Amino acid sequence: MKGTRMFKWLLLSLVLIVNPTLTLAEELSATALFYRCYAQITQTRPDRTSSLLAKVRNGQTNPIAACMSVLDSAQFNNNHVISNTGNSEAKNVLRTFHNLHASWFQTKQFPENFTFLQNRSTYQVHDNSVPALYITRSLFETSVPIDYIFKTTENLVANRTTNNPNSMQGVNKSEYPFPASDFRFASNGDLLGVSITGPRNWSYSYVNRNNKSFSGTVNAAANLGGGVLGSQPYLLLTVDEDATFKSDGAVEMPRKWARNFISDFLCRDLPLIRPNDGDAFIAPNSDVEFRKASSCIRCHATMDRMASTLRNLNFNAIAGQNSLTPSMGLVVAQEFPQNKGAESGWPAIEDKDYAHRPTRGTLFFRNYKGELINQPVTSVSDLGLKLSQQDDPYICLASRYYRYFTGISTNVGDIGDTSLGYSLSKGDLERRNLVIQLGLELKGHKNLRTLIQRILNLPHYQQSDFSAYSERGLAGE
Amino acid sequence: MSRFYFLFLIILLVGCKAEHAEETNLSSQIPPITDDTEMLKLVSQYNSGRDQFSGSCASCHGSVDNTDKRNRSPENIQNAIFSIGTMKFLKGLSADVTYEISLALDDQVKSQVEEYLRSKDPTPPPPPEENFRLAEIKPIIGTRFYLESTFEDLFVAPAAQRTTGDTQILNKIKTLIVNQGAALGGPCRLYDSSCPGSLDDNREAEALPAANALRKGYTIRACEEILAINQSVNNALAKVQLTVTSQASQQNIAKVFDLFFPGKDFTQNELNSIARIHQSCKNKGMNDINSWRFSLLGLCKSSLLEVL
C-alpha cells in the first residue's frame with residue numbers, strides 16, 4: 001500500500017482528533033450504552049441485524065433491560081445447563097462470566113509437587129477453572145444463592161460439549177490404573193453449564209517398579225467441606241504441598257490454602273489484623289520463629305488458625321512414575337483419621353498427632369469496619385458457614401463485579417489500620433462506600449444477577465468515563 | 001427454743017456464705033497486674049479459655065459470651081464435672097484448663113482484656129493529605145474476543161457471501177488478534193473448544209486488559225494488514241450501503257463513523273477531517289478504493305474502537 005508522508009501526517013492528525021482522552025466526559029446514547037454492556041456481557045459486538053439492537057436504536061427498549069435479557073439467555077434450566085445449547089450468544093455470555101470468575105482466583109495453575117505423570121493427570125482429570133464454577137452456577141441458576149459457594153457439599157464439574165472423552169492430550173483411559181467404566185477425564189469443548197457429581201469412588205490397581213502390587217479405592221471427588229474451599233480442584237490448586245505433607249500445628253500447616261482463600265474470597269492480602277492484635281500468641285519458647293515476633297504473628301495468627309481446620313489433609317499419590325503398568329497416576333486429597341484428642345490452644349511446638357486431632361480453628365481478622373472477628377470454628381464446613389455469615393465476602397464479590405463493569409478498583413479492607421500508612425481520597429471513599437452498600441445488599445438478596453443489574457443501572461455507569469476521574473463524587477446514587 | 005433459733009441463724013449464715021462463695025469472681029482472686037508481660041499472659045490464658053469453652057462446653061451451654069454459666073470459678077466448674085452425669089466425660093480436663101475456662105467466663109477479666117487490647121489500638125489521627133493513595137482505575141477496553149468480533153463486524157462479509165478475500169481477512173484476525181492472549185487479554189483454558197495460543201499465556205490473560213504499547217502495536221498492525229486487502233474496504237462500505245465509488249459526503253462519512261463507533265457522538269471537525277483525507281487522496285490521483293482505504297485506516301487505528 002503506497003502512501004506519502006503528507007497522508008501519514010493527515011492520518012496522525014485524525015487519530016489525535018478521534019481520541020477518547022480528548023473527549024470530554026459525556027452521557028452515552030442508548031445505542032452506545034447497549035454496545036458497551038453487550039460487549040462486557042458477551043465480549044462481542046451485537047449482530048447489527050438483531051431485532052434487539054433495532055429496538056434499542058428505536059427507543060423501544062431500554063439498553064440496560066436489553067443487556068439483562070442477553071444475560072438471561074444463559075440462564076440454566078433444571079438440568080443445570082443453558083436452555084438452548086446451540087445459542088452462540090448464550091454460550092458467549094457463559095464463557096465471558098466463567099472466565100471472569102476464574103480470573104479472580106489467585107492460583108490458576110496446578111502446582112507440580114508430584115511425579116510428572118501424576119502432575120499431568122491432575123490437569124487431565126480436573127478442570128482448573130472448577131472453583132469458579134460455583135460462582136458461575138450461582139449467577140446463572142438463580143435458585144442457587146451465592147452463599148452456596150461456602151455451604152454446599154456438592155461436587156461440581158464443567159458440563160461441556162464433550163463430557164466423557166476417551167482420551168485427553170493423547171492419553172487414553174486404559175493408561176490409568178482405574179476401570180474405564182468409572183474413570184472420567186475432565187470435559188472439554190464449549191461450556192454449557194455444570195454437572196453435579198456424587199462421590200467418585202474409583203478402585204485402582206497397579207504394579208510398581210519393584211513388582212509389588214498396589215490396590216485400593218479413592219474418592220476422586222471428595223469434598224472436605226466448606227463448598228469450594230474443600231473441593232478437590234481448589235485443594236490441589238492451593239495447598240501446594242507434596243505427598244509427604246502432614247500438619248504438625250507449628251511448622252507444617254496448609255497455610256497457602258488459607259492465604260489463597262483470603263485473597264480469593266475476601267479480596268485482601270495478609271495481614272488482616274492490626275499491630276498487636278496477635279500479641280497474645282507470642283510464645284518465646286516456640287519451635288517456630290514467627291511465634292516469637294509481633295510482626296510475624298500478625299499474619300500467622302490469622303492464616304495458621306484458619307488453616308488448622310484443614311489440618312487432617314493428606315495427599316494420596318497413586319501410581320505415576322512409581323508404577324510399571326499402567327503408567328498414569330493420580331493425586332487425591334483426602335483426610336487422616338481423627339483419632340486423637342483436642343489440643344489446648346494454638347500449639348507453639350510441633351505436635352506429631354496434630355493431623356489426627358479435631359479440626360478446630362479460628363476465624364480471626366479485622367473486617368472492613370475494623371471490627372476484630374474472633375470466632376472459633378470446628379471444621380472447614382464450619383469455616384465456610386462462618387465466612388458466609390460475614391459481610392466481607394459479599395463486599396469482595398461486589399467490588400469485583402464493580403471493577404469489571406467500571407474499571408474502578410475499591411479498597412474493601414480495614415482502612416482504619418493506620419499502620420498501612422495511607423488514606424483514601426474523597427472520591428475513593430465514596431466509591432468504597434458504594435461498593436460496601438452493594439455488598440450488603442448482595443448479602444441480603446444473595447442474587448448475583450440482581451447485583452449486576454444494580455451496577456448497570458448506576459448513573460455513573462452510563463457516563464463515557466464512569467465518572468472515574470471526577471472528584472465530584474457519586475452523590476445521589 | 002432460743003437454741004433452735006440460734007442454730008437456724010447459723011444455718012442461714014452458712015448458706016449465705018456458700019452462696020456468696022459461688023458468686024465470688026475469679027478476678028477478685030487475681031493479683032493486680034502491673035506489667036505488659038503479665039497482662040499478655042492473662043490475655044493468652046483468656047483466649048485459650050475461650051477456645052476450650054467452645055470446644056468442650058458450647059455444644060450444651062451456648063457461646064462463651066452468651067452462656068448462662070458466666071462467672072463460674074474453677075471450683076464451680078470442677079464440682080459440676082464431677083457431680084453432673086452428663087459432664088463426667090470432661091473429667092480429663094486439667095486444673096489449668098478449668099482455670100482458663102473460668103477466666104473466659106469472668107466479666108471483669110473480659111473487660112480488663114478488652115480494655116487492654118483497645119489501649120493498644122488508639123483512635124487513628126486524621127491522615128495527612130500527602131498520604132492519599134488513589135485506587136487503580138483502568139479504562140474498559142475489549143479483550144481479543146471482543147476485537148475479533150469487532151474486526152469481523154467491520155471487515156468480513158456475512159457467512160453466506162464470503163470469498164477468498166474474506167478468508168484472508170479472517171486469517172489475519174486469527175494471527176494478529178485471536179492468538180495474542182498475553183497482549184490483548186481474554187483468558188481461556190485447554191478444556192475450551194477454542195483456546196489458541198500458548199496455554200500459559202491463555203490461562204493468565206487478563207479478563208480486564210490494560211492499554212499499553214504492545215497492545216496498540218497489534219491492533220495498528222491488524223488495521224494496516226486487513227485494510228491492505230481490498231475485500232475489507234468493500235465489505236466495510238457495503239455494511240452502510242456504500243461502495244468505493246460513493247462520494248465522501250458529510251452524510252456518508254457519518255454512516256461510516258457510526259459503523260466504527262456505534263451510537264457515539266462526533267464533531268463536525270471529525271467529519272471534516274475524514275472528508276479532507278479522502279479529498280487529498282483524490283487530488284493526488286489515487287483511485288476510489290485507496291481513497292476510502294486511507295479514510296477507514298484512521299478510524300480503525302483510533303483507540304475508540306477498543307474502548308467500551
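This is a predicted model: local features need pLDDT of at least 70, side-chain atom pairs count only at pLDDT 80 or more; totals for chains, interfaces and linings use all residues.

A: Helix H2 (residues 30-42) of chain A gives the largest share of the lining of the largest cavity, namely three residues.

Rolling a probe the size of a water molecule over the atoms shows where empty space is left. The count in this model is nine cavities of 30 Å³ or more. The largest cavity has a volume of about 130 Å³. It is lined by 14 residues, and those closest to its centre are A:Tyr35, B:Tyr146, B:Pro262, B:Lys264 and B:Val307. By class, eleven of the lining residues are nonpolar, three are charged and none is polar.

The second largest cavity can be set beside it. Its volume is about 100 Å³. From chain A, its lining takes A:Gln43, A:Arg95, A:Thr96, A:Asn99, A:Leu100 and A:Tyr404; from chain B, it takes B:Thr143, B:Phe145, B:Gly186, B:Pro187 and B:Ala207. Helix H5 (residues 88-103) of chain A contributes the most to this lining, with four residues. The classes here are five nonpolar, five polar and one charged, against eleven nonpolar, no polar and three charged in the lining of the largest cavity.

Next come the chains that supply these linings. Chain A has 15 helices and eleven strands. Its C-alpha trace spans about 75 × 55 × 55 Å along the principal axes. Among contacts in chain A with a separation of 6 or more, 67% are between residues 24 or more positions apart.

Chain B has 15 helices and zero strands. Buried residues make up 44% of its 308 residues. Of the contacts in chain B between residues at least 6 apart in sequence, 69% join residues at least 24 apart. In helix H12 (residues 230-238) of chain B, the buried residues are B:Ser232, B:Val233, B:Asn235, B:Ala236 and B:Leu237. Their cover includes helices H7 (144-155), H8 (164-178), H11 (213-227), H13 (250-260) and H15 (288-301) of chain B.

Helix H14 (residues 426-445) of chain A has 20 residues and reaches 29 Å from its first C-alpha to its last, close to the 28 Å expected at 1.5 Å a residue. An α-helix has 3.6 residues a turn, so residues three or four places apart point the same way. The buried residues of H14(A) include A:Arg431, A:Leu434, A:Val435, A:Leu438 and A:Leu442. The buried residues of this helix pack against helix H13 (392-406) and helix H15 (448-456) of chain A. After H14(A) comes A:Lys446, which has a positive phi, near 60°.

A:Trp346 and A:Gln437 are 91 residues apart in sequence, and their C-alpha atoms are 36 Å apart in space. A:Trp346 is found in the loop between strand S9 (329-335) and strand S10 (361-366) of chain A. Its relative accessible area is 14%, under the 20% cut-off, so A:Trp346 counts as buried. Beyond its neighbours within four places in sequence, A:Trp346 is in contact with residues including A:Phe281, A:Phe290, A:Arg291, A:His300 and A:Asp304.

Some backbone details of chain A remain. Most residues other than glycine have a negative phi, and most peptide bonds are trans. A:Cys267 is not a glycine, yet has a positive phi of about 55°. A:Cys267 sits in the loop between H10 and H11 of chain A and is partly exposed, with a relative accessible area of 26%. A:Pro271 also lies in the loop between helix H10 (255-266) and helix H11 (294-307) of chain A. The peptide bond that joins A:Leu270 and A:Pro271 is cis, with omega about 0°. A:Ala319, in strand S7 (residues 313-319) of chain A, has a positive phi of about 50°. At 2% relative accessibility, A:Ala319 is buried.

Note on methods:
Residues are numbered from 1 along each chain as its sequence is written. Chains are lettered from A and ligands numbered from 1 in the order in which they are written. Side-chain values use heavy atoms; hydrogens and water are left out. Helices (H or I, at least four residues) and strands (E, at least two) are DSSP runs, numbered from the N terminus. The expected span of a helix is 1.5 Å times one less than its number of residues. Buried means under 20% relative accessible area, exposed over 50%, partly exposed in between (1.4 Å probe, protein chains only). Contact means heavy atoms within 4.5 Å. On a 1 Å grid over the protein atoms alone, a cavity is a set of points where a 1.4 Å probe fits but cannot get out, and a pocket is an open set with protein on both sides within 12 Å along at least five of seven lines; lining residues have an atom within 4 Å of a point. Grid points are joined across faces, edges and corners, and a volume is the space filled by probe spheres set on the points. Ala, Val, Leu, Ile, Met, Phe, Trp, Tyr, Cys and Pro count as nonpolar, Asp, Glu, Lys and Arg as charged, and the others, Gly among them, as polar.
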